[in-house]
Amino acid sequence: MYYSEGLHIWHSFIIPAVIMSVMVVDIAYQIVKERFNVIVWLRRSLFLLIWTCITIIYGIFRLYPAVNIIGYQKSFYAMVLLRSVLFYFGQMNQQQLRKYVSMLLQKPAHITVMSYLVLMVMIAVLLLLPVSQLSSTEHGLSMMNAIFLSVSAFCVTGLSPVDISAILSPVGLSILLIAVQLGGIGIALLGSIMLYVRRSVGLSGRTLLAYSFSDEAVSDVGRVALRVIVITLIIELVGAGYFCFYFLKQGYSFLSAIGHGMFFSVSAFCNAGFSLFQHGMLEEVRFDFSFLWMISLLVTLGVLGFHYMFYSTQHIKNTVMHGVRHHIHRREQNSAMNETLVIWSGNTLLLITLVFFFAFYAFEHRHSLLGFSVLEQYTEIFFLAVESKTAGFMSRDMTTLRLSTQLFILVGMFIGGSSGGTAGGVKINTILVIFAGMRAFIMQQSLAKIGMFSISWDDVRRANLLFISGILLIVTATILMSITEKNQEPFFMFWEVASALGTVGTSMNYTSDLSILGKMIIMSVMIIGRMGALTLFNVAQERTFKKEPSYPLGSIYIG
């Protein structure tokens, strides 16, 4: 008891007093140092000064009168952390900052990784602020859970160790939704959009946009970016309008209905899977057909990807007006090949969804769905077939499914969606390229082919590297989880890791029971799953290495 009280006093009085004293001394030193240029210093550091004063005032009026309230302590340290970040950037002059940004723009993989990591930390800090949490919660959101939620939102996974509807305020939910939107359509994409709108995007910016959105047509990425934004806004506004009308009919207030509508629309289209219903489940609307079908539609559009929606529309239009042959020959070869691969992958995903629907119905209609009407069974199975690949919305307890259904879902989570979309996984494009390479190897062909186009062996090797890396990551993370998580079902650990890698978000009711080390493992897997193993490999490849000596080729036995 005495130890607990001493620990609270240490965190609520001694350490904050030292920190606030250092802040006051720093402000006084800066004023004395810049006494002849106070106006210039204020102009440069005004926001830092304001935030420092807010932090000190918060510490004085919140910590000392309420020594034992842990939530106030966490909020104070979050504000101090944000102040430290602002202080660091304030010490960099414009020339240093411009040089640093220019260096990063020359390395797209680096800036992609750095953008995600920095913004994840910033969102976690914002979630720890008092305004982001409901005052009714006794201990508030822990630092680890805030970081976990931030990573899950940016990776559009949807895994959550807490009930977000019970712990986050409307401000906190808005911050979480912004993170989902940024993660869904890409941080680098949004940055390049703003540059393009100002007509100041250069080659480095276009290269970054192409890299972050899997588009090699560097000269055309500005148009691609604006196309993505327009498609996203239209789909999400339509979805938000529908859900707003739905919640108004359920008796929600106008503002609450708008908030719920926007949250579900963005969460569904970005394939995040966050829900505002109790415990993140959709059991309250399990057989509300219109709600589930709209969620399924938004998720499907996100899985198919922006390129598929655009190319399919253009393909149908040009087929009707000019004919297929004229449409293909008038485009550049590389662009036409990407268009063919995108359409093939999208159609394959729709076919997989159809196969999953019939398989799940065969497995479950006499098991977990026994006693329900045919319409209820079809709705439940279709929703499960759509959500199982990437979204993470759960209308039922996944532990009630048969093992055969669970194994199909694991395969769907690993495959994920289409490149250029909001889904995760190794992507269906990767699977198509691997099968094309296998077919070319078996048939002794010089190049792999998809449709009327050939694929280089470098692309086939990259696809195989991504596929094998995903399997090795799942195995390695599951082994680590078996060490850190005791007395847990191995299959539940395997499911959690596969869900994190595919950025799906379905769980065997296990996320809230993870240890700190377990959460760190799952967060690492989510980050790799969202940014892609190839992105991290490219970060390493951008380094300069010494030339290695060449050795004679050897013949080894395989298999």
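**Exercise 1.** Among contacts in the protein between residues at least 6 apart in sequence, what percentage join residues at least 24 apart?

*Solution.* The model is predicted: local features need pLDDT of at least 70, side-chain atom pairs count only at pLDDT 80 or more, and totals for chains, interfaces and linings use all residues. Residues are numbered from 1 along each chain as its sequence is written, and side-chain values use heavy atoms, with hydrogens and water left out. A contact requires heavy atoms within 4.5 Å. On this basis, 71% of the contacts in question join residues at least 24 apart.

**Exercise 2.** State what share of the residues is buried, and describe the exposed surface.

*Solution.* Buried means under 20% relative accessible area (1.4 Å probe, protein chains only). Of the protein's 559 residues, 48% are buried.

**Exercise 3.** Identify the residues with the most contacts inside the largest nonpolar core.

*Solution.* A nonpolar core is a set of buried Ala, Val, Leu, Ile, Met, Phe, Trp, Tyr and Cys residues joined through side-chain atoms within 4.5 Å. The largest such core holds 120 residues, and F264 and F291 have the most contacts inside it. Leaving aside residues up to four places away in sequence, F291 touches Y242, F243, Y246, F247, F264, F277, L282 and V285. A second, separate core has eleven residues, including A448, I450, I455 and V460.

Technical notes. Buried < 20%, exposed > 50% of the residue type's maximum accessible area, 1.4 Å probe, protein only.
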